[in-house]
Amino acid sequence: MMSAVLLVLGSAAQGRDSVPAERLAARRWFADAKFGLFIHWGVYSELGAGEWVMHNRKIAVSDYEWLATTFNPTKFDAQQWVALAKRAGVRYITITSRHHDGFSMFKTAQTSYNIVDWTPFRRDPLKELADACHASGIKLFFYYSQLDWHHPDYWPRGKTAWDNGRPDHGDWSRYLAFMNAQLTELLSGYGAIGGIWFDGMWDKPDAPWQLDTTYALIHGLQPAALVIPNHHQRPRPGEDVQTFEQDLPGANSAGFNTSYISESLPLETSLTMNDSWGFNITDEGFKSVRTLVGYLVRAAGNGGNLLLNIGPRPDGTISPEFVARLDSLGTWLQTFGPSIYATRAGPVAPRSWGATTRRGDTVFVHVLDWPDPLLAVGPLGARVRSAYALVGKSPVRFAESAAGVTLGLPAAMGEPDRVIVVVTGR
Ligand code: FHN
């Protein structure tokens with residue numbers, strides 16, 4: 001009896017979320033992509049104190065509206081941004097179309113509070129970026145904040161920005177209609193879009209967000225567009241990727257994420273390159289290239305992507321610290337890309353010494369941190385046919401036992417990752 005009920009419930013749940021072939025293909029593309037560039041850029045960049053500055057400094061809506069009238073990123077050059085992304089080896093860009101401050105970084109008919117109608121800049125940077133991305137084969141995703149510190153209909157308020165002069169009333173259904181109309185614009189006026197990266201629902205997780213309607217709208221407008229929700233919860237029907245913030249899949253050192261890991265959806269980790277998302281002029285906590293390579297490798301070893309963030313300056317330029325690290329990662333990927341792109345999690349879960357990735361019968365053993373000449377990797381689930389160093393192709397000694405495979409490592413030369421290619425088979 002019980003199993004019959006479960007069967008019925010199971011097929012009902014599947015029926016609600018039956019995924020068409022083009023979206024499944026887009027999910028596979030996403031899982032192959034492995035490396036994306038996150039961009040947080042908006043009016044907040046002007047104050048050089050991160051994207052939460054409006055909330056943190058309790059800036060009144062009227063003052064922030066004035067600040068927005070001065071936003072004029074005359075040095076913004078979409079081609080240069082995309083050229084940097086290309087050099088870095090990223091396969092997609094995810095950019096803030098509207099962050100929690102409620103300012104639209106694109107031309108929208110839903111409010112004049114947007115970069116074309118409200119600022120002296122008068123250009124739509126998302127359109128320019130979309131054109132440059134399409135020309136260079138990089139997919140563009142739009143970050144879209146469901147939380148809004150400016151819109152009067154974002155009511156009742158959630159956990160944030162209580163003291164900024166908004167009215168104590170509003171019409172929630174009008175707010176949802178506003179969001180859906182903006183999403184329609186983003187999915188209609190910018191060519192093929194990779195998907196929408198939602199954020200901010202955590203501000204009031206129990207509000208009637210009517211996600212089914214919004215997700216159906218997105219998938220109806222662009223059937224291959226992915227819905228990526230940063231709500232820090234288990235994925236729901238209609239969602240395509242499980243994303244983790246500042247942590248590898250399943251980890252929760254930042255206090256945001258759930259420990260649940262989807263077994264069917266692609267995974268992603270979003271990460272700041274220093275300690276801020278939006279431009280922060282005093283933040284010098286830049287991660288080293290070695291650390292960033294480690295994140296990329298460990299994300300891939302967990303079966304996920306790394307979405308690595310930059311916060312461009314208010315004039316549209318990108319600080320040299322970001323540029324240098326992206327260039328170094330791109331150089332690293334030129335050699336080590338085959339052990340990252342289009343791989344899936346390897347047979348041995350990430351360890352303190354490193355991680356494994358795999359493509360078909362080939363397992364890539366990534367040795368990030370191991371001082372000894374021998375490394376007991378563990379069972380690979382198949383016999384080893386051959387093993388060699390990815391760089392130089394020199395053979396690597398190996399021994400197999402009931403406990404798994406032990407590798408004789410090439411000497412460390414100070415590189416962030418020693419990659420051993422292990423060819424397996426029956
Ligand atoms: O509040 C935002 C934050 O500003 C940033 O956009 C990050 C990116 O993952 N997400 C939110 C916090 O969960």
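Helices α5 and α11 are oblique to each other, and this predicted model can be toured from that pair.

**Stop 1: α5 against α11.** Select residues 78-88 for helix α5 and residues 320-336 for helix α11; their axes are 7 Å apart and cross at an angle of about 40°. To see the contact, show L84, R87 and A88 on α5, then V323, L326, D327, L329, G330 and L333 on α11. By class, this contact comprises 6 nonpolar, 1 polar and 2 charged residues.

**Stop 2: the largest nonpolar core.** Next select I93, I95, L129, F142, W209 and L308, the residues with the most contacts inside the largest nonpolar core, which has 93 residues. Colour residues 172-188 as well: this is helix α8, which gives the most to this core, with 8 residues. Then centre on I93. Beyond residues up to four places away in sequence, I93 touches L37, I39, V82, A85, L129, C133, I138, K139, L140 and F141. Another core, of 17 residues, lies apart from the largest one; V377, L380, A389 and V422 are among its members.

**Stop 3: S339.** Move to the loop between α11 and β9 (344-345), where S339 lies. Is S339 buried or exposed? With a relative accessible area of 0%, S339 is buried. Display the side chain of S339 together with the backbone oxygen of F336, which the side chain reaches at 2.7 Å.

How values were computed
Residues are numbered from 1 along each chain as its sequence is written. This is a predicted model: local features need pLDDT of at least 70, side-chain atom pairs count only at pLDDT 80 or more; totals for chains, interfaces and linings use all residues. Side-chain values use heavy atoms; hydrogens and water are left out. Axes are lines fitted to C-alpha atoms, for helices over the stretch in contact, and angles run from 0 to 180 degrees between N-to-C directions. Helices (H or I, at least four residues) and strands (E, at least two) are DSSP runs, numbered from the N terminus. Angles under 35 degrees count as roughly parallel, over 145 as roughly antiparallel, 65 to 115 as roughly perpendicular and the rest as oblique. Contact means heavy atoms within 4.5 Å. Ala, Val, Leu, Ile, Met, Phe, Trp, Tyr, Cys and Pro count as nonpolar, Asp, Glu, Lys and Arg as charged, and the others, Gly among them, as polar. A nonpolar core is a set of buried Ala, Val, Leu, Ile, Met, Phe, Trp, Tyr and Cys residues joined through side-chain atoms within 4.5 Å. Buried means under 20% relative accessible area, exposed over 50%, partly exposed in between (1.4 Å probe, protein chains only). A polar contact is a pair of N or O atoms within 3.5 Å; within protein, one must be able to donate a hydrogen and the other to accept it, and residues adjacent in sequence count only if both atoms are side-chain atoms.
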